[in-house]
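My notes follow in the order I made them.

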Amino acid sequence: MRRSVARRLYAAVATMAVAGATGVVMAMPQASAAVAGGATGYATQNGGTTGGAGGQTVKATTGTAIHTALCNRASASTPIIIQVEGTINHGNTAKVSGDSCNTAAGVIELKQISNVTIVGVGSGAVFDQLGIHIRESSNIIIQNVTVKNVKKSGSPTSNGGDAIGMESGVRNVWVDHASLEASGGESDGYDGLFDMKDDTKYVTLSYSTLRNSGRGGLIGSSETELSNGFVTFHHNLYENLDSRTPLLRGGIAHIYNNYYVKLNESGINSRAGAKAKVDNNYFKDSKDVLGTFYTDAAGYWQVSGNTFDNITWSAKSSENNPAGPNPTSNTSVSIPYAYTLDDASCVPSIVAATAGANKGLKVSDGSCTPTTPTQTPTPTPTDPTPDPTDPTPDPTQPSGTNLSLAGGADGSSKASGTSYGNVRDGSLSTYWSPAGSTGSVSVKWGTATSVAKANIKVASGSTLGSWRILNGDTGAVLATGSGAGAVTLPKTSLKKITLDITSSSGTPKIAEFETYAG
């Protein structure tokens, strides 16, 4: 009956609804596209996280319908809000093809795309034994959904056993009011509930629950894979987990106002040079809730205002360094965004009232009281630095050595047949293009390098719209502008510099992203 209503009221998108006859894909007025509240934490940095704000809203009741909505966009970066209701599972999730998507069967595949919101509505959205995979993508919001019992072994399998997994140059993801759960540990076929690896940055997990799993989640897949970070965890419930709440390898995490109960083996595991700022959390009936565990690669923490209620601490050894029984700071971490801390004493009650799917998207008012946020279709991100000047590119070729030639390269996405490395090979006959009209490409070095000028060159016949140049280490905006040419930057010492294309009339072709010391 619901499908017939959709066809009668929205005949213009009937072909989308019919796509496999597996679920509703219904165009909605843009005014209904609002998502309650706005991104928080590190997801506000690097330009902010707004998901599909301003784009079309569609409704889906199957995984195939979600993929169809992505594939029917004008481009891989066209904003869209997908409202999901019902149970999404293997039986209703097929691969869909199109120029604006790269999907797969048996998983919700958000690959090489940007500007997407997936939000549960109505009676709720449950992804049953089906994971959500984010790869080479940016500006993604996932809100008010349940993801449960995703397996990497046994049957059926999905997403490597991760409820939500991110990898390969992912930027700016906000997961909010999600319920993530398993029914056992690795021996039962499950892996992590919330995993990030291979250069994933600017992520926030807020007002969510993580339950009944061997592994909560990781940031970095090995002691040498240290390209991830700038992740915020706040107002989440971690319950009945063995470890990894999270496991942090390298990078920076801000962890505040979370409620941890029944962590069976270990909790926040900071290692391999990682830094965790741990504020006003409540830990209860758990073991080794903070420290460096199972390795001699030390990590660090800054602690303040936490409550430790019936916590057991193990003895220190060469590969076991618990922060307790009296945790003290061994580093300091500067946070670039504004935030308000609830007192740790009320964390159990405020998290119980707000965290997880189907809680009305309630949040804390900063004084331990649940409140429903105002709907904000396009939240204004917090920037770590004041607004930069908007220069007009100087056509004059900078003098000196092109520092990019000695660096490496990566990016958010790439069009077929192009390469990130083409922007630093000294040739105008090769180029990188994003998967759509927007995207980012970076030049990086192994040691800090002083940069004061950049020169953007496009391939013959290509044009370039608006862009930002970012400090890839911190997310600070160094310059904004449009078109190709030379740009003067505030002299900055960094290991990574990013050209972020924010708009373009077509698919830009960046032949060279040159950098100079002066």
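**Salt bridges**

I counted 16 salt bridges, taking one as a side-chain nitrogen of Lys or Arg within 4 Å of a carboxyl oxygen of Asp or Glu. The model is predicted, so I kept its rules at hand: local features need pLDDT of at least 70, side-chain atom pairs count only at pLDDT 80 or more, and totals for chains, interfaces and linings use all residues. Residues are numbered from 1 along each chain as its sequence is written, and side-chain values use heavy atoms, with hydrogens and water left out.

I looked up E136 next. Its side chain meets that of R135 in a salt bridge, 3.5 Å from N to O. E136 is buried at 10% relative accessibility, while R135 is partly exposed at 25%. Here buried means under 20% relative accessible area, exposed over 50%, and partly exposed in between (1.4 Å probe, protein chains only).

K277 pairs with D279, with the closest N and O atoms 3.6 Å apart. Both K277 and D279 are buried.

D410 and K444 form a salt bridge at 3.2 Å, N to O. This pair links distant parts of the chain: D410 sits in strand 30 (residues 408–411) and K444 in strand 31 (residues 439–458), 34 residues apart. I took helices (H or I, at least four residues) and strands (E, at least two) as DSSP runs, numbered from the N terminus. D410 is buried at 10%, and K444 is partly exposed at 33%. I then followed the network of salt bridges: R171, D199, D410, K444 and K496 are linked in it.

**Around S412**

Where is S412? I found S412 in the loop between strand 30 and strand 31. Its relative accessibility is 4%, so S412 counts as buried. I listed what S412 touches, leaving out residues up to four places away in sequence: E136, S137, G169, Y420, G439 and S440. Contact means heavy atoms within 4.5 Å. A polar atom of the S412 side chain lies 2.9 Å from the backbone nitrogen of S440.

**Nonpolar cores**

I used buried Ala, Val, Leu, Ile, Met, Phe, Trp, Tyr and Cys residues joined through side-chain atoms within 4.5 Å as the test for a nonpolar core. The largest has 67 residues, and I82, F127, F194 and F233 have the most contacts inside it. Helix 3 (residues 63–71) gives the largest share of this core, five residues. Apart from it lies another core of 23 residues, among them W432, W467, L489 and L494.

I checked the surroundings of F127. Beyond four places in sequence, its contacts include I66, V84, I88, I108 and K148.

**Strand 24**

Which way do the residues of strand 24 (residues 290–293) point? L290 and T292 point one way, G291 and F293 the other, and all are buried. Strand 21 (residues 268–271) runs parallel to strand 24, with two bridges between them. Strand 27 (residues 320–322) runs antiparallel to strand 24, with three bridges. I counted strands as paired if DSSP finds at least two bridges between them. G291 has N269 as a bridge partner and also P322 in strand 27.

**Confidence**

I checked pLDDT, the predictor's confidence in each residue, from 0 to 100. The protein chain averages 88, and 89% of the residues score at least 70. Residues 28–34 stay under 50, with 15 contacts beyond four places in sequence. Residues 376–395 also stay under 50, with 47 such contacts. Where pLDDT is low, the predicted coordinates should not be read in detail.

Methods: Polar contact = N/O pair within 3.5 Å; in protein donor to acceptor, adjacent residues only side chain to side chain.
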